[in-house]
Amino acid sequence: MENVLVGAALAAVIFLAVDGIVRKIRHGSSCCGGHEPSDKKVKVTDKNKANYPFSYVLRVDGMYCTNCAQKVENALNSGGSRWAKADIGNKSVNLLSKQEEKENELRSIVAQAGYTLLSVEGK
């Protein structure tokens, strides 16, 4: 009987610890602070994909929530000649551009948003 009680208590402690970690991740404690109001979304005015002859996939470290994704998208979309769409699940950004992009410039833009550009793949 005593072993059952110890096992139940141990299971409860493990459950609470895991639940706390999951809640922190969901609510932004481990990333950008998902409960803070996000910046206003920078909308792309030119949505004609034919006007963007260059296509890239950026691998970005540190994007964990929609607020993170929006920060990265806003940073890239602010230039006026880019159209970025982040994918949190893949930790990537699909980037369309009207001009050929330099990796070091993209790295700087992503870093200023608070994230790390791991790689750039051109299509």
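Which side chain makes a polar contact with the side chain of glutamate 101?

1. In this predicted model, the partner is arginine 82: the two side chains make a polar contact at 3.0 Å. A polar contact at 2.6 Å joins the side chain of glutamate 101 to that of serine 97.

2. Glutamate 101 sits in the loop between strand 3 and helix 3. Its relative accessible area is 9%, and the cut-off for buried is under 20%, so glutamate 101 counts as buried. Leaving aside residues up to four places away in sequence, glutamate 101 touches Tyr56, Arg82, Leu95 and Leu106.

3. The largest nonpolar core has 19 residues, and the members touching the most others are Leu58, Val60, Met63, Leu76, Val93 and Tyr115. Two or more residues come from each of strand 1 (54-61), helix 2 (66-77), strand 2 (82-87), strand 3 (92-97) and helix 3 (103-112). Helix 2 contributes the most, with four residues. In soluble globular proteins, nonpolar side chains tend to be buried together.

4. Helix 2 has twelve residues and spans 16 Å from its first C-alpha to its last, close to the 16 Å expected at 1.5 Å a residue. Nine of the twelve are buried, and the helix is mostly covered. The buried residues are Asn67, Cys68, Ala69, Gln70, Val72, Glu73, Asn74, Leu76 and Asn77. They pack against strand 1, strand 2, strand 3 and helix 3.

5. Leucine 76 is one of the buried residues of helix 2. Residues up to four places away in sequence excluded, leucine 76 touches Leu58, Arg82, Ala84, Val93, Leu95, Leu106 and Ile109. Arg82, Leu95 and Leu106 are also among the residues that glutamate 101 touches.

Key: Residues numbered from 1 in each chain as written. Predicted model: local features only at pLDDT ≥ 70, side-chain atom pairs only at ≥ 80, totals over all residues. Heavy atoms only, no water. Core = buried A, V, L, I, M, F, W, Y, C linked by side-chain atoms within 4.5 Å. Buried < 20%, exposed > 50% of the residue type's maximum accessible area, 1.4 Å probe, protein only. Contact = heavy atoms within 4.5 Å. Polar contact = N/O pair within 3.5 Å; in protein donor to acceptor, adjacent residues only side chain to side chain. Expected span 1.5 Å × (residues − 1).
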